[in-house]
Amino acid sequence: MDADFVAVKDMDPIVAVLDYDFVSYTEKGEPGQTCSGSFSSNLVGGRKGSLVHKAIWEMQKNTMKRKCGDPQKTFSQACCYDYARMCDVPWAALGEGVSHPVFNQLLNQGEIYKTFCFSDEFSFVPDHFAYSLEHIPSKDRALKYMENKGIRKSLDRIVYHLFNAITGLQKLKCSELFDTRRLVGH
C-alpha cells in the first residue's frame with residue numbers, strides 16, 4: 001500500500017478477501033468485483049503463496065537486473081548502473097509497469113485465479129476525486145461536482161488514495177489538511 005492512503009473506515013472488508021490470489025482496486029470494475037488488467041498497483045494484497053504475487057515479484061526482480069546505459073540520459077524503464085549501487089526507477093515502472101503485463105500474461109495463459117478488486121462505488125479512488133482534491137478544495141463544492149458527474153458514495157469509502165505526489169497536498173499546512181470544510185479534511 002502506498003503511504004498516501006488514508007483509512008476512514010474499518011478495514012475488515014479488505015482483510016476479509018485477503019484469502020484471494022490477488023486483491024486490489026480500480027476506478028471502474030468488472031462485474032462481481034473481479035480484477036481485470038487495469039487494477040491499481042498502489043494497494044495490492046492476497047493470500048500467502050499466491051502464484052500471482054510470486055510471478056509479479058519475480059518479474060520485478062528481473063526488471064531490476066536490467067543495466068542502464070548513459071547516466072546523462074533519462075530512461076523510461078527501470079534499470080541499474082554497473083559502476084554504482086544506484087538504479088533509475090521511473091514512476092510506476094515496478095508497479096503498473098510490471099504488474100499489469102504479468103497479470104495479463106497469467107490471464108491469457110488460461111489460468112484461473114481468485115481475484116477481487118474494489119471498484120465503482122467501492123473504489124478507493126472515486127472518479128474525479130484526485131481532480132477535486134487538487135482543484136476544488138471545498139468539501140461541499142467537491143461533493144456537488146462529483147454528484148453532478150454521477151459519482152455515488154464519494155465520501156463513503158473504506159480508504160482513499162490521496163495521490164500526494166500529484167495533488168499538491170504536501171504543500172498544505174496541518175490546519176488546512178484537517179479543516180473539515182475541505183475535501184481532504186472530511
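How many aromatic pairs does the structure hold? The structure holds 10 of them, where rings of Phe, Tyr and Trp (its six-membered ring) pair if their centres lie within 6.5 Å, and planes under 30 degrees apart count as stacked, over 60 as edge-to-face and the rest as tilted. The model is predicted, so that local features need pLDDT of at least 70 and side-chain atom pairs count only at pLDDT 80 or more, while totals for chains, interfaces and linings use all residues. Residues are numbered from 1 along each chain as its sequence is written, and side-chain values use heavy atoms, with hydrogens and water left out.

**Exercise 1. Find the disulfides and describe the bond between Cys35 and Cys117.**

Step 1: A disulfide is a pair of cysteine sulfur atoms within 2.5 Å, and a search of the whole structure finds three.

Step 2: One of them joins Cys35 to Cys117, with an S to S distance of 2.1 Å.

Step 3: The torsion about this S-S bond of Cys35 and Cys117 is about 105°, and therefore the disulfide is right-handed.

Step 4: Because Cys35 lies in the loop between β2 (22-25) and α2 (51-63) while Cys117 lies in strand β5 (residues 115-118), the pair ties together parts that are 82 residues apart in sequence. Helices (H or I, at least four residues) and strands (E, at least two) are DSSP runs, numbered from the N terminus.

Step 5: Both Cys35 and Cys117 are buried, a word that means under 20% relative accessible area, with exposed over 50% and partly exposed in between (1.4 Å probe, protein chains only).

**Exercise 2. Work through the disulfides of Cys68 with Cys79 and of Cys80 with Cys87.**

Step 1: Cys68 is joined to Cys79 at an S to S distance of 2.0 Å, and since the torsion about their S-S bond is about 100°, this disulfide is right-handed.

Step 2: The pair links distant parts of the chain, with Cys68 in the loop between α2 and β3 (79-80) and Cys79 in strand β3, 11 residues apart.

Step 3: Cys68 counts as buried at 11% relative accessibility, and Cys79 counts as buried at 2%.

Step 4: The sulfur atoms of Cys80 and Cys87 are 1.9 Å apart and form a disulfide, whose torsion of about 95° makes it right-handed.

Step 5: Cys80 counts as buried at 10% relative accessibility, whereas Cys87 is partly exposed, with a relative accessible area of 40%.

Step 6: With bonded cysteines counted along the chain, the disulfides follow the pattern 1-6, 2-3, 4-5.

**Exercise 3. Describe the aromatic pair of Tyr25 and Phe124 and the rings linked with them.**

Step 1: Among the 10 aromatic pairs of the structure, Tyr25 and Phe124 form one that is tilted, at 5.2 Å centre to centre and with 45° between the planes.

Step 2: Tyr25 lies in strand β2 and Phe124 in the loop between β5 and α4 (129-135), so the pair ties together parts that are 99 residues apart in sequence.

Step 3: Tyr25 and Phe124 are both buried.

Step 4: Ring pairs link Phe5, Tyr20, Tyr25, Phe116, Phe118 and Phe124 into a cluster.

Step 5: The charged end of Lys114 sits over the ring of Tyr20, 4.4 Å from its centre, where a charge counts as sitting over a ring if NZ of Lys or CZ of Arg is within 6 Å of the ring centre and within 35 degrees of the ring normal.
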